[in-house]
Number of protein chains: 2
Amino acid sequence: MKDDALLELAGRYRESLRHAVYLIRSLDAEGELSTAQVSTLNMVAEGPARVSDIARNSGIRVPSATEQIIRLEAARLVTRGPDAHDARVVLVSLTPKGREVLAGANNRRNKMLAAQLATLSAADREAITAAIPALNRLSIALGRPPYR
Amino acid sequence: MKDDALLELAGRYRESLRHAVYLIRSLDAEGELSTAQVSTLNMVAEGPARVSDIARNSGIRVPSATEQIIRLEAARLVTRGPDAHDARVVLVSLTPKGREVLAGANNRRNKMLAAQLATLSAADREAITAAIPALNRLSIALGRPPYR
DNA sequence: CCTAATAGTTAGGGAGCCTAATAGTCAAGT
DNA sequence: ACTTGACTATTAGGCTCCCTAACTATTAGG
């Protein structure tokens, strides 16, 4: 692929991404949980996780993750506990309430988005379906730099 | 398309978008301009624009747009002036310096992204290219349309 | 042991967004 | 012409989310 074509695609994708951000915002509008909180909760949905792992997976720094976790803890959605093998580590776990609220939030967002997807043509939906793995590879290619 | 399939697609796209947001963040890392600023500047690139138009096109409220514009004005990247036909209106224009800085910022980001796109397979790039119009329609379909 | 590395928290600060309240201007109807 | 209501933008105040720097506690290597 020629450089020019790559640059043009990059420009168009950036523009598209900019719009998608507003889409996300509107999805969150009257939400119980913010995007950042959903993101953090999703991280511990499959079992207790370290603060540093949550930070890395969320693409934020450790202190920012701590901040989020403290907020979620205050809302009784997660608990912080020790790791049996390493006393420095803090393991964050989802509470039953957290699991419930998270499921509700994910569900609500997915339903809103699904309703919009339904208004698209079948061809558009297919194009999106086909592109998602590629988009994920693209994101991953950039690495997850915000951590050192 | 069945509801289940739509919900599943919605979930996968939301996840993908979450990663894409980190991608954008990393693109902005050591930038001269933030994403929000680039976004605002792009809005006036094709000629003077009203504060309210900038806000609407950026998917933010008018006071937030004012705030951005004031910052950009302080950096000598835009100027604010009156509208000849309506004294309530403030027209925001790009300065020569603003045009230059904007071009540089867009260029830098596009180059970074293009370099990553180059690492993907041709099939992946095609899938992304094909999906962009669909993704734009999806974004626009939702609540706070970028264009209007 | 002592030291260097690692995990997390605390402290302080900035960007970016919001709502509510305000000032100024326009347009319409009486 | 004048008042009233709609519209444009700004100001004020507040919140979330992210950052870096500095600190504490713990672990592991020499």
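Which residues in H3(B) meet which residues in H4(B)? I started my notes there. The model is predicted, and I read it that way throughout.

**Entry 1: H3 and H4 of chain B**

I listed the H3(B) side of the contact: Val51(B), Ser52(B), Ile54(B) and Ala55(B). Their partners in H4(B) are Val62(B), Ala65(B), Thr66(B) and Ile69(B). I sorted the residues of this contact by class and got 6 nonpolar, 2 polar and no charged.

Next I took the geometry. Two packed helices are described by the angle between their axes and the distance between the axes. For H3(B) and H4(B), which spans residues 62-74, I have an angle of about 105° and axes 8 Å apart. An angle of 65 to 115 degrees counts as roughly perpendicular, so H3(B) is roughly perpendicular to H4(B).

**Entry 2: chain A by itself**

I checked how chain A is built. I found 6 helices and 3 strands in it. Along the sequence, I read the pattern of chain A as α-α-β-α-α-β-β-α-α. I also noted the box that the C-alpha atoms of chain A fill, roughly 55 × 35 × 20 Å along the principal axes.

**Entry 3: where chain B touches chain A**

I turned to the interface. Chain B gives 57 residues to the contact and chain A gives 56. The two chains bury about 5700 Å² between them. Carbon and sulfur atoms hold 70% of that buried area.

I then looked for residue pairs in polar contact across the interface and have 10, both residues at pLDDT 80 or more. Which helices of chain B each supply at least two residues of the side that touches chain A? I wrote down H1 (3-28), H2 (35-44), H3 (51-58), H5 (96-119) and H6 (122-141). H1(B) has the largest share, with 19 residues. By class, I have 31 nonpolar, 16 polar and 10 charged residues on the side of chain B that touches chain A.

**Entry 4: H1 of chain A against H5 of chain B**

I picked one helix pair that spans the two chains. The axes of H1(A), residues 3-28, and H5(B) come within 8 Å and cross at roughly 110°. The two helices are therefore roughly perpendicular to each other.

From H1(A), I noted Leu6(A), Leu7(A), Leu9(A), Ala10(A), Gly11(A), Tyr13(A) and Arg14(A) in this contact. The H5(B) residues they meet include Asn106(B), Arg109(B), Leu113(B) and Leu117(B). I count the residues of the contact as 9 nonpolar, 3 polar and 3 charged.

**Entry 5: salt bridges**

Side chains of opposite charge can pair when their charged atoms come close. How many salt bridges are there over all chains? I have 16.

I looked up both chain-to-chain pairs. Asp124(B) and Arg137(A) meet through their side chains at 2.6 Å, N to O. Arg137(B) and Asp124(A) also form a salt bridge, at 2.6 Å, N to O. Why does this pair join two chains? Arg137(B) lies in helix H6 of chain B and Asp124(A) lies in helix H6 of chain A, residues 122-141, so the pair links one chain to the other.

How values were computed
Residues numbered from 1 in each chain as written. Chains lettered and ligands numbered in written order. Heavy atoms only, no water. Contact = heavy atoms within 4.5 Å. Buried area = accessible area lost by both parts, 1.4 Å probe. Salt bridge = Lys/Arg side-chain N within 4 Å of Asp/Glu carboxyl O. Polar contact = N/O pair within 3.5 Å; in protein donor to acceptor, adjacent residues only side chain to side chain. Helix = DSSP H or I, 4+ residues; strand = E, 2+ residues; numbered from the N terminus. Nonpolar A, V, L, I, M, F, W, Y, C, P; charged D, E, K, R; others polar. Axes fitted to C-alpha atoms, helices over the stretch in contact; angles between N-to-C directions. Parallel < 35°, antiparallel > 145°, perpendicular 65-115°, else oblique.
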